[in-house]
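This report goes with the sequence and model shown below. Please read the two together.

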Amino acid sequence: MIPGIARSIVIGMNIFDRLGETRANIAFAREYTLELQEQGRRLMKTGKTISRICEVCGSPQQEDRFMAPVYDFVACRNCGFVYAKSILGEEAMDKFYRHDEVAQRSWSKQLERLEANPNTTQYPGLVTRIMKNVRGRERALDFGCGQGEFLYELKGHFRKVIGVELGKEQAETARRKFGVEVLEGDIGSLGLQKESFDLICMNQVIEHLPRVNDVLKKLVQLLKPEGVLAITCPNLDSWSMRIFREKHSHVNTQVHVNMFSPKTIEKLALRHGLKKRQVGTYMLDTTLIDLAYLIFAKKSFMHRCNFNILLYPPSWLLEKAVNKANEISNNVLMGSSGSYIEAIFMK
Ligand SMILES: [Zn+2]
């Protein structure tokens, strides 16, 4: 009897802790997002901007798609690729990624989470799926490796893993925490040997790149023949994008300038002479709380930045269940409608 009660109290306290932590994280996300938006809008007004054409097919023909808080997104009339039409200039972007006070707070938060749960992965099963396609086990490169979590996951599978990262603090954390080699700077000027990598990964990176083709061309040159390129990025065709549109966290700040779909990412890879191995999608990214706010509190709605204590438990369970079902059904459930794309190509 007494141990039963004690256990219930412990479980109750854990749930309570979890709710408190989630509420604090969501409050942080809201504040962080609002600050980024303000910074983005200010720089778009006062600083240099870049006008873009389609990175997938090169066509300048475009039509309006949606107006997000910082950028206006257009669709290419020729191939359907959706991208931000006019974006922050290179200097502002470069400064932002190398070191930015606001962005740095988010990285510190991520590191805190990582320290608290060292064994969690952001990409469950991804390494296994990638390794099924990789022939050699010599060298792997993680382009935009952040704080090195994924490099660390790859470490056991290759003789050598190397990261490339613009962010000074992130690169330093990756070296210190995971003991991996991380290079800083432009991919073309790092002295990496052509055709020397069995695998190159880009996790949540391609959506940030103003000049996708320049970077991809250099990365493909670094791949060995039959080397593998693995990409994860936000999915334009997702259920969550259809529901939340310009208010989706995928597009609500200045950091994401490209919105690929499974189709357009394939077209881009084809343009670079790559062959498709597999393209799928994952994660629902749509909670009951977000839906409720979108319907009943539209003014204060921000994707992923709303919290309601009563809706949280059923919302969490539902999201977990759908994501798990999608994982088990091997992407059949969500088809191309998951919030993120996972694409594996071969040279
Ligand atoms: Zn196009």
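## Basis

This is a predicted model, in which local features need pLDDT of at least 70 and side-chain atom pairs count only at pLDDT 80 or more, while totals for chains, interfaces and linings use all residues. Residues are numbered from 1 along each chain as its sequence is written, and side-chain values use heavy atoms, with hydrogens and water left out.

Cys54 lies in the loop between strand 1 (49–51) and strand 2 (62–67), and Cys76 lies in strand 3 (residues 72–76), so the pair ties together parts that are 22 residues apart in sequence. Strands (E, at least two residues) and helices (H or I, at least four) are DSSP runs, numbered from the N terminus.

Buried means under 20% relative accessible area, exposed over 50%, and partly exposed in between (1.4 Å probe, protein chains only). Cys54 is buried at 3% and Cys76 is buried at 4%, whereas Cys57 is partly exposed at 30%.

## Strands 2 and 3

Strand 2 and strand 3 run antiparallel and are joined by five bridges; two strands pair if DSSP finds at least two bridges between them. Met67 has Asp72 of strand 3 as its bridge partner. The hairpin from strand 2 to strand 3 passes through four residues.

## Cysteines without disulfides

The structure has zero disulfides, a disulfide being a pair of cysteine sulfur atoms within 2.5 Å. For Cys233, the closest cysteine sulfur is that of Cys201, 13 Å away and too far for a bond. Cys233 is buried, with a relative accessible area of 1%.

## Ser240

Ser240 belongs to helix 8 (residues 239–244) and is buried, at 0% relative accessible area. Beyond its neighbours within four places in sequence, Ser240 contacts Arg245, His248, Leu284, Asp285, Thr286 and Ser339; contact means heavy atoms within 4.5 Å.

The side chains of Ser240 and His248 form a polar contact of 2.9 Å. A polar contact is a pair of N or O atoms within 3.5 Å; within protein, one must be able to donate a hydrogen and the other to accept it, and residues adjacent in sequence count only if both atoms are side-chain atoms.
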